[in-house]
Amino acid sequence: MIEEDPEAHELTALHAVWTPSAACRVLEIGAGDGRLTRRYINEVASIIAIDPDADAIADLRKEFPHVDARAIGVDALTLPERSVDVVLFSWSL
């Protein structure tokens with residue numbers, strides 16, 4: 001794995017606005033292969049990770065089988081109200 005952010009600027013910026021907790025339920029939009037997911041996965045209760053790239057989601061599922069990883073775009077996502085606490089959207093424009 002190539003380290004995308006060796007100085008941890010992204011993680012520092014993320015923690016400036018959000019502190020992961022054991023009770024937190026996360027929706028990560030544009031999760032890809034889990035580049036950001038792996039940075040907080042052990043600090044939260046659950047993760048729904050979505051990305052339209054089926055190959056990237058397959059890689060994420062392989063590494064993190066307990067993550068609810070879905071190969072879909074955000075427009076196809078349906079979730080019950082109040083089912084997540086935080087939505088992360090990084091490198092996804």
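Guide: Two strands are said to pair if DSSP finds at least two bridges between them. Strands themselves are DSSP runs of E with at least two residues, helices are runs of H or I with at least four, and both are numbered from the N terminus. In these terms, R25 has S46 in β2 as its bridge partner. The model is predicted, with pLDDT of at least 70 required for local features and 80 or more for side-chain atom pairs, while totals for chains, interfaces and linings use all residues. Residues are numbered from 1 along each chain as its sequence is written, and side-chain values use heavy atoms, leaving out hydrogens and water.

Visitor: What makes β1 and β2 a pair of strands?

Guide: Five bridges join β1 to β2, and the definition asks for at least two, so the two strands pair. They run parallel. On its other partner, β1 (residues 25-29) is joined to β4 by four bridges, again in the parallel sense. There, L27 stands opposite V87, and E28 has L88 as its bridge partner.

Visitor: What is the order of the strands in the sheet, and what makes a strand an edge strand?

Guide: The open sheet has four strands in the order β3-β2-β1-β4, with parallel pairing. The strands β3 (68-70) and β4 (86-89) each pair on one side only, and they are the edge strands. Neighbouring strands are turned by 15° against each other on average, direction ignored; such angles lie between axes fitted to C-alpha atoms (for helices over the stretch in contact) and run from 0 to 180 degrees between N-to-C directions.

Visitor: How do you know on which side of α1 the buried residues lie?

Guide: E10, L11 and L14 are the buried residues of α1. They cover an arc of only 95° around the axis, and therefore lie on the same side of α1; the arc is that of the directions from the helix axis to the C-beta atoms. H9, T12 and A16 are exposed on the other side. The cover over the buried residues includes α2 and β4.

Visitor: What is the corresponding arrangement in α3?

Guide: In α3 (residues 54-63), A56, I57 and L60 are buried. Their arc is only 95°, which puts them on the same side of α3. D55 and K62 are exposed on the face turned away from that buried side. Among the elements covering the buried residues are α2, β2 and β3. The helix α3 lies across β2 (46-50) and β3, at about 165° to β3.

Visitor: Why is the pair W18 and Y40 called aromatic, and what is its geometry?

Guide: Rings of Phe, Tyr and Trp (its six-membered ring) pair if their centres lie within 6.5 Å; planes under 30 degrees apart count as stacked, over 60 as edge-to-face, and the rest as tilted. Here the centres are 5.7 Å apart and the planes 75° apart, so the pair is edge-to-face. A search of the whole structure finds one aromatic pair. W18, in the loop between α1 (9-17) and β1, and Y40, in helix α2 (residues 37-40), are 22 residues apart. W18 is buried at 10% relative accessible area, and Y40 is buried at 0%.

Technical notes: Contact means heavy atoms within 4.5 Å. Buried means under 20% relative accessible area, exposed over 50%, partly exposed in between (1.4 Å probe, protein chains only).
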